[in-house]
Amino acid sequence: MALPPWEAPYVSVIVPVMNEKRTLARVLREASRVHPSTEVIAVVNGSTDGSLQIARSSGARVLVFDRPLGHDVGRAIGAREALGQVLLFIDADMVIPASMLRPFVAAVESGTDVALNDYSGPTRRETVHGVVLAKHALNSLLGRPDLQGASLTAVPHALSRKALETIGSPALAVPPLAHAIAVHRGLEVRRARHVDVGLINPLRIKRERVNSLEPLIIGDHLEAIRWLRANTDDRGGHEDGIRKRSMVR
């Protein structure tokens, strides 16, 4: 009997995995329900807790690395291997129902190239976290204050195939850089849906005390700003107003 012709999946859901056995099966199950034509790509890296076996038994495409890569590099690798026209990015430690993920796919289907989580982080505090400030500052520099703190730094988010080709999968390893490239090159970047990842995945206080990710993520934003300057000018493409600098030179 002849096999039915192979068809590429429409949606690729990319999930970096490192020691996430507690939530992984549920995350992959919800990911598979996002669209009738979906491939789930699990990028299992540095896992020693049985996550690899869970990923393989789920039916996902599994990419295996014996050392930790970091979530962002895992996403970049998954994107490079993805076959879908819509790429949806989630994390293995947050169980998000398929019903909350589908709006990101729908946004891309409707013409959005980069569908962001409409999550700006906690801003109504006396002391605002440095990462939250960095996200707002980068969007302001990009001329997109309407995005507030929404960014490719936060999942879930989705990309069109056009966006992936414009940004390039290597840039996804530094999410603020990929975000800057997307906006600067005129892709349609929009906030698609609010998913309160701060509530779903609360701050790991113990980890933050000994190995905070804040300096890393702020450094990523500085890299994005450096790229923006290199591709515009010293003011990131912003005008100098009525200032006449030549008068004091």
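Helix 5 and helix 10 are roughly parallel to each other in this predicted model, because the angle at which they pack, about 10 degrees, falls under 35 degrees. The axes of the two helices, which span residues 130-141 and residues 214-231, are 9 Å apart. On the side of helix 5 the contact is made by Gly-130, Val-131, Ala-134, Lys-135, Leu-138 and Leu-141, while helix 10 contributes Glu-214, Ile-217, Ile-218, His-221, Ala-224, Ile-225 and Leu-228.

The strands of the model include seven that form an open sheet, arranged in the order 3-2-1-4-6-5-7 and with mixed pairing. At its edges stand strand 3 (61-65) and strand 7 (189-193), each of which pairs on one side only. On average, and with direction ignored, neighbouring strands of the sheet are turned by 20 degrees against each other. Helix 1, formed by residues 24-32, packs on this sheet and touches both strand 1 (11-17) and strand 2 (38-45); the direction of helix 1 makes about 155 degrees with that of strand 2. In general, the strands of a sheet pair through backbone hydrogen bonds, in either a parallel or an antiparallel manner. Strand 4 (residues 86-89) and strand 6 (residues 157-160) run antiparallel and are joined by four bridges, and within this pairing Leu-88 stands opposite Ala-158 of strand 6.

For Ile-167, when residues up to four places away in sequence are not counted, the residues touched are Leu-172, Ala-178, Ile-181, Ala-182 and Leu-187.

Charged side chains were examined next. Side chains of opposite charge can pair when their charged atoms come close. A search of the whole structure finds nine salt bridges, among them one between Arg-61 and Glu-39, for which the closest N and O atoms are 2.9 Å apart. Since Arg-61 lies in strand 3 and Glu-39 in strand 2, the pair ties together parts that are 22 residues apart in sequence. The two partners are assigned to separate accessibility classes, in that Arg-61 is partly exposed, with a relative accessible area of 29%, whereas Glu-39 is buried, with a relative accessible area of 7%.

Another salt bridge is formed by Arg-80 with Glu-81, the closest N and O atoms of this pair being 3.1 Å apart. Here Arg-80 counts as exposed at 55% relative accessibility, and Glu-81 counts as partly exposed at 29%. The side chains of Arg-144 and Asp-146 likewise meet in a salt bridge, with an N to O distance of 2.9 Å; in this case Arg-144 is buried, its relative accessible area being 15%, while Asp-146 is partly exposed at 38% relative accessibility. Salt bridges also link Asp-72, Arg-75 and Asp-91 in a network.

The backbone geometry was then considered. Most residues other than glycine have a negative phi, and most peptide bonds are trans. Against this background, a cis peptide bond joins Val-155 and Pro-156, with omega at about -10 degrees, and Pro-156 is found in the loop between helix 5 and strand 6. The loop between helix 5 and strand 6 is also the place of Gln-148, a residue other than glycine whose phi has a positive value, near 55 degrees; at 38% relative accessibility, Gln-148 counts as partly exposed. A positive phi near 55 degrees is likewise computed for Asn-19, which is placed in the loop between strand 1 and helix 1 and is partly exposed, with a relative accessible area of 33%.

How values were computed
Residues numbered from 1 in each chain as written. Predicted model: local features only at pLDDT ≥ 70, side-chain atom pairs only at ≥ 80, totals over all residues. Heavy atoms only, no water. Pairing = 2+ DSSP bridges. Axes fitted to C-alpha atoms, helices over the stretch in contact; angles between N-to-C directions. Contact = heavy atoms within 4.5 Å. Salt bridge = Lys/Arg side-chain N within 4 Å of Asp/Glu carboxyl O. Buried < 20%, exposed > 50% of the residue type's maximum accessible area, 1.4 Å probe, protein only. Parallel < 35°, antiparallel > 145°, perpendicular 65-115°, else oblique.
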